[in-house]
Every structure is written in C-alpha cells, then in structure tokens.
Amino acid sequence: MSNNQKQLYAIGALFDSPDKIIYAANKIREAGFVNYDVNTPYPIHGMDKAMGLKSSKIGYVTLFAGFFGASFILSFMWWTLSVSYPLVIGGKPYFPLPAFVPITFEFTVLSAVVSTAIALIAVAFNFPYNSHPLHDSYYMKNVSSDKFGIVIEAIDEKFKKEDTENLLKSLGAYFTELIYKPEEKTFKIFEPKFLAFLLIIALITSGSTYVTLNKLMYMPPFDFMLHQNRGNAQAKSNFFYNTREMRNPVKGTVAQGYIPYPFNATDSTEYFADPLLPTMEVLRLGQKKFLTFCSPCHGNYADGNSRLQGQFPPGPTLHSQQVINYSDGKIYNIITNGQNVMPSYARQINSNERWAIINYIRVLQRAQNPKPEDFSAIKEIKKENDDNASN
Amino acid sequence: MPLIELQHTGYIKKELPNSFVKIGLSLLVIGIALGILSYIFEPARAVYGYLTSFIFLVTIGIGSLFLVALEYVAGAVWSVPFRRIAEFFSSIIPFLIILIIPLFFGMNNLFTWTHPNVVAKDVILQKKEMYLNIPFFIIRSIVILLLWSLFYFLITRNSRKQDFNGEQNLTSRNIKLSAVFILIFAFTISIFSFDWLMSMEPHWYSTIFGVYLFADAVWVSFAVLTLSSVILYQKGYLTNKIKKDHFYSLGTWMFAFTIFWAYIAFSQYMLQWYGNLPEEIIYYTNRWYGPWKAFSLGLVIAHFIVPFLILLPRRSKTNFAILKFAAIWIIVVQFYDAYWLVMPEMINNGFKYNFSLWDFTFPIAAVGLIIFLFGRMVKKYNLFPIGDPKLKRTFEFYL
C-alpha cells in the first residue's frame with residue numbers, strides 16, 4: 001500500500017436532527033442498501049424499525065456468559081468452602097446458599113457484561129484488529145457529540161461513489177465525507193524500544209514499591225514484648241559467672257505436685273498399692289494415656305499387636321499369666337524405670353497417670369478372661385440402656 | 001380544541017355490558033355473606049382472612065395511584081393511554097376507610113400488644129408502648145387513609161377535568177401534586193406496613209419491610225393494569241392507535257418488579273438469616289417450621305421464578321395471551337403473598353392454624369368490589385384521557 005491511492009471504505013453523511021436521520025434511514029433501506037450503519041449520540045426510538053434491524057445475536061453471548069458465570073462461581077464456592085477445606089463461618093452450614101447468592105449474582109452480572117463488551121469489540125472491530133476505519137474521522141467526532149450520521153460502506157452492491165453521495169445529500173445531509181481505509185501497518189512484538197520501555201516500567205514499579213513499603217512507610221514491628229528486663233532461656237549473660245542466663249534450681253527443690261520415687265528397677269516394689277479407685281473417670285484417663293504411650297508397642301488391646309512393623313522389638317502381650325500375676329506396684333515400677341528394652345516413662349507419664357494406666361490394663365486383662373458374673377452384669381447394663389432409650 | 005382532538009384519538013366511549021357490574025355486585029354480596037358465615041364459625045380466623053384481603057385491596061389501590069403519580073412525575077409518554085384505567089383502580093382508596101373499621105374491632109385477635117396483661121410481662125413491649133397503643137394506632141391508620149384519599153381526589157379530579165378543556169396547566173399542577181404524593185407515599189406505606197403487618201409480631205423489626213410492601217403493591221398494580229388494558233384493547237374499548245410497544249412496556253414493568261421484589265425479599269431474608277438473632281429470625285422460623293415450609297418455598301417459586309421465566313423472552317411481552325396469563329398469575333400470587341404475610345401469625349398469637357377454604361371467602365368479596373367499582377367508574381367517566389396534552393406523542397411512541 002505504498003502507492004498514494006488509498007482504498008475507499010465508506011461515505012459518511014451527517015444530519016442535524018433525529019427526525020431527519022429516521023427519514024434517511026428509512027429511505028436508504030428502501031433503496032436496497034445492506035451494508036450501512038447509523039451512528040447517533042443516544043439511542044433513538046424507532047430506529048430498529050427504520051433500519052429494518054432484526055434482534056441482535058449478541059444476546060446469546062450474554063446469556064451463555066451469564067450461565068457460565070453463575071455455575072462457575074457457585075461450584076467454585078462449593079468446592080473451596082464445602083469440599084476442599086470445609087470451614088464453619090458464623091455457625092452456618094458448609095454450603096450456606098443464601099450467603100452465596102449475592103456473590104453468584106454479582107459474578108453472573110460481571111461475566112455477562114464483560115463478555116458482552118468483549119464480544120461487541122471483537123465483532124465491531126473485526127477481531128483481531130483493534131481499530132476501525134471510522135476512527136479519527138470528522139464524521140465520528142460529530143456523531144459522538146451532537147450530530148446524527150449514516151455511513152454506507154463501499155462493499156455494498158448498490159454503492160456508486162457519486163450517486164450515493166448525491167442520494168445522501170438529497171435526503172438532507174448537511175455534510176458528506178469520504179472515509180478511506182487506513183494504511184495497514186505491522187508492529188513487531190520484540191521491538192527493542194518496547195522491551196526497554198517494559199524494563200523501565202518494571203524497575204520503576206518494583207523500586208518505588210520497595211522504597212515506599214520498606215523505607216517511607218516502615219514502622220517498627222510489634223516487638224516491645226520481646227525486649228523485656230528479664231533473662232531469656234539459652235541466652236548469654238554478662239551478669240552470672242558462668243555467662244548463662246539459665247539458673248539451676250537450689251539443691252533439694254521439688255516441683256509442685258511432684259512425688260519423689262527413689263526406687264530403682266531392681267528394688268522390690270511389689271507391696272505398693274494402687275491409690276486410685278477404678279472409677280469411670282480414672283479408666284478414661286488410663287485409656288487415653290495407654291493409647292498414647294503404651295499402645296504403639298503393646299497394641300491397642302495390650303495383646304502385643306505392635307504398630308511398629310518390625311522397626312523396634314515388639315512389646316510382649318500383657319495378657320500372659322506372668323503379667324496378670326504382677327502386682328500393681330511391680331507394673332508401676334516397670335513403667336517408671338523400664339524393663340529390658342522398654343525405656344523409662346517417668347518423664348512422659350506422671351504418677352497419677354501411671355496408676356490410671358494400671359487400672360486400665362487390669363480392665364483389659366479382665367476383658368480377655370471374663371468371669372460368669374461379668375456376662376450377667378453386661379446383660380443388666382444393656383437392659384438398663386434399652387429402658388433408658390425407650391423412655 | 002378538545003373536541004377536535006377527540007377525533008384524532010380514535011376513542012369512542014362504549015358502555016361495558018350490563019352484566020359486568022352485576023357480576024361484581026353479586027361476587028361482593030356472596031363474598032360478604034360467606035365472610036359473615038366464617039366469622040360466626042371461627043371469629044379469629046375470619047379476622048385474619050379479612051386482613052389478608054384488606055392488604056390485597058390496599059396494594060392494588062395505592063399501587064395504582066402510585067402508577068398515576070409516577071407517570072406525571074417521570075413525564076412518561078407511553079403510559080398515557082392506560083392512565084385512566086389505573087385511576088379507576090385507585091378508586092378503591094376512599095372505600096378503605098370504611099373497610100378498615102371491622103379490623104379495628106378485631107384488633108384483639110390480631111395484635112398481642114393490645115392485651116394489657118401481655119404488655120405487663122414484656123419489657124420490650126412496654127418500651128414500644130409509646131408507639132404501639134390503640135388510640136395512636138387508629139389515628140395513624142385513619143390519617144394515612146385520609147391522606148391517600150385526598151391525593152386520589154385531587155389528582156383524578158384534575159385528570160378528569162382535562163377531558164373537557166385539555167388544559168396544559170392541569171398536567172403541570174398534577175406533576176406538583178404527584179411529587180408531593182410520592183414523598184408522602186414513601187413514608188405512609190412504610191408506617192402502614194409496620195402497623196398492620198409487622199406489629200403482628202411485635203418483637204420483630206425489619207426496616208426494609210415498607211419497601212417489601214411497596215414492591216408488592218407496584219407489582220400487582222402493573223398486573224391489574226396489564227390484564228384490564230389488554231382485555232379492553234382486545235374488545236375495542238380503547239383506541240386502536242395503541243401499539244404493541246405500549247404493551248411491551250407494561251410487560252417490562254411487570255418483569256422489572258418481579259426482580260425488584262426478589263431483590264428486596266432476599267435482602268430482608270439474607271441479613272436476618274445471617275444475623276440469626278432471636279428477635280429477628282423468629283419471623284422466618286414461624287414461616288419455616290410447622291405447616292408453612294411448603295408455603296414459603298412455594299412463594300419463592302411462584303413470586304419470582306415462574307413470572308421471571310414467563311416474562312424473560314422478548315416475545316412474551318408482545319404476546320397478549322402470555323401477558324394476560326402472567327398478569328392473572330401475578331394477581332393470584334399477590335394474594336398468596338398477603339396470605340403468607342398475615343396467616344402464620346395466627347399460631348404466633350395462640351390460635352390453631354390449619355388450611356381451610358374459609359380463608360377464601362373475603363377475596364371473593366375483594367374481587368367483586370374491584371369489578372363493581374371499575375364498572376361504575378367506566379359508566380361515569382371516559383376510559384381514555386382524551387384531553388391529555390401528551391396524546392400525540394404517545395401515539396408516536398416507539399421502542
């Protein structure tokens with residue numbers, strides 16, 4: 001297109017009142033033109049009829065984008081808040097539909113409107129182009145402020161340059177303009193200037209963000225609880241002779257609630273009696289502690305069914321006659337000081353909890369070797385429960 | 001000048017068939033007779049049923065007057081051919097002053113705050129007593145109805161005068177009146193809805209409730225207007241210069257207010273559902289547990305989803321059969337909504353509720369009253385505002 005003969009796109013004609021433009025649009029349609037359009041600064045009632053327009057297909061874009069938006073955001077909220085990471089918010093159910101309705105509504109409108117606008121631009125500018133020959137014309141400047149215009153495209157079969165111009169003038173146009181197609185230009189994507197421009201923009205944004213956030217707007221963090229007039233654990237001290245902040249307790253100090261247990265594994269402790277009664281509360285505590293500390297090796301039912309899968313010597317069953325014959329004091333000593341490969345649990349399990357575990361082990365043992373009166377007791381309990389349930 | 005214009009409108013005054021007024025009158029008499037019977041059998045239920053029908057009549061009457069005022073204030077052109085029909089429907093308003101009197105006698109059944117022993121035990125009601133006491137309540141209701149009637153008489157008188165002289169300044173006088181009326185209407189319909197509907201559940205409050213009743217009123221008024229104008233147009237009572245574009249606009253308004261109601265109703269529901277405060281959520285738990293669950297869900301479908309889907313396509317707003325169907329649907333559903341607003345409070349006030357056909361005796365009378373009044377007005381006045389200065393423009397109205 002380097003020659004100076006430009007290609008004619010259309011003839012634009014300007015009118016100065018809505019009545020004239022409706023009259024002119026009527027006549028143009030009756031004259032048999034197809035490729036023409038009317039541009040007005042505001043919608044004019046009756047123009048559809050004058051131009052013989054049928055209802056636009058763009059509505060389908062809106063419809064489907066709206067459906068897509070609604071179903072997408074609803075399933076998104078359902079998946080994130082009810083399936084993937086269920087959260088209780090304000091005591092509502094995991095799928096609180098009323099709370100989702102406003103978001104669904106907004107997102108439906110948003111996706112419908114934005115895709116309609118994109119579709120309109122794509123159709124009107126003939127995608128992938130982003131401009132139109134009418135841009136930057138005198139015609140367009142006027143119809144977008146206070147005049148009314150008709151534009152007849154050159155590709156129309158009835159189009160003849162002089163005749164069409166005269167026809168438009170005879171219909172009352174006060175001005176006609178020949179509109180040419182703009183010269184086709186190509187733009188390289190990797191233009192050095194463009195890349196440099198991008199780089200500068202990136203530097204300016206990141207630099208100014210850094211300066212603003214870290215220098216200009218910097219505020220000391222909330223740290224006044226960190227710096228107090230006290231010694232920290234593991235910290236160095238300039239005050240104490242061994243340069244440590246941590247102090248050893250005075251010799252002979254006993255922690256609150258701590259009962260000293262001066263016996264070793266080899267000492268005879270059979271005569272210690274269990275100070276706890278096997279109440280439900282005690283048994284629950286014993287069960288909890290047993291399941292936490294004992295069950296990995298001895299099994300959930302103390303039957304030696306270890307969860308360690310051979311990585312460590314499995315614990316023996318506690319249902320052997322030998323263990324049943326152990327006194328409570330003996331088991332207490334084993335938990336406290338360990339036995340064979342079993343280490344001491346004195347640090348993990350306190351004295352009370354140890355007695356509770358022993359109570360629980362006794363229950364497990366009794367469950368393995370029940371006595372006849374246990375069955376009748378169970379029946380009674382069952383009957384009591386049934387009566388309670390039926391009441 | 002008016003006589004010459006008469007030729008151009010193409011409107012010829014025709015009498016409605018004689019049977020029209022007779023049907024209305026007989027429906028009215030049958031309805032009232034059955035209503036009195038229902039009062040003898042179940043007095044409490046009859047009072048609630050009467051209030052339901054009263055709310056139904058109020059929404060149609062005051063909504064129609066609002067449409068007339070809206071046309072004047074907005075300077076709307078398309079609605080001029082239908083304005084007189086809306087004026088005829090608003091002629092219910094002065095009769096409301098008579099119709100409200102039985103309600104004053106049934107207040108003990110409707111409102112718990114009228115019982116001194118209930119108020120004595122209830123701190124909240126004691127604090128509300130300044131507003132919720134019987135004399136002030138009755139005065140408020142009467143003043144509101146008088147105000148509405150006053151504006152009904154002023155606006156319609158000017159409009160009718162125009163038929164004979166076609167004076168332009170009657171329109172500009174009505175524009176001023178309408179602006180004042182809309183302002184007063186905004187306050188009064190809120191107060192009216194607070195008094196007669198909200199105070200049945202005296203602990204409950206919702207500031208948007210007036211807007212809810214407003215949405216209902218305009219919605220049903222457009223439906224009544226559409227139904228009657230389509231039938232009158234098809235039978236040739238109006239001028240044939242009215243185009244489909246006019247009816248399209250009526251359909252669009254029904255559609256718009258369908259959505260508006262859903263918006264308002266949901267706004268009220270969602271905030272109270274989210275807050276979940278005992279004094280607010282009680283209104284919805286009353287309508288969710290017990291026999292009302294199906295009614296509440298049905299209201300969402302009948303009041304929003306069905307009319308939304310019927311009126312959504314462009315074609316349905318220009319098709320007379322669909323327009324008539326949608327209008328009848330809306331009128332029926334508006335009664336359903338009034339029923340849903342009023343009847344659940346029976347349980348709340350210590351009465352037993354079970355669905356009964358006695359509830360549908362007073363609506364017969366209400367429909368009869370509307371038909372009777374409309375027939376009488378058609379006999380007296382023109383069905384078409386032949387003197388309106390906007391007539392030329394309305395006939396040139398395009399979409």
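**Exercise 1. Where in chain B is B:Thr112, and is the residue buried or exposed?**

Start with the location: B:Thr112 lies in the loop that links helix H7 (107-110) to helix H8 (116-121) of chain B. Helices here are DSSP runs (H or I, at least four residues), strands are E runs of at least two, and both are numbered from the N terminus. Residues are numbered from 1 along each chain as its sequence is written, chains are lettered from A in the order in which they are written, and side-chain values use heavy atoms, with hydrogens and water left out. Keep in mind that this is a predicted model, where local features need pLDDT of at least 70, side-chain atom pairs count only at pLDDT 80 or more, and totals for chains, interfaces and linings use all residues.

Next, accessibility: B:Thr112 has 18% relative accessibility, so it counts as buried (under 20% relative accessible area; exposed is over 50%, partly exposed in between; 1.4 Å probe, protein chains only).

**Exercise 2. Which residues does B:Thr112 touch, not counting those up to four places away in sequence?**

Look for contacts, meaning heavy atoms within 4.5 Å. Leaving out residues up to four places away in sequence, you get B:Val118, B:Pro202 and B:Asn349.

**Exercise 3. How many helices and strands does chain B have, and what percentage of its residues is buried?**

Count the elements: chain B has 19 helices and zero strands. Then turn to burial: 56% of the 399 residues in chain B are buried. Finally, check the contacts in chain B between residues at least 6 apart in sequence: 83% of them join residues at least 24 apart.
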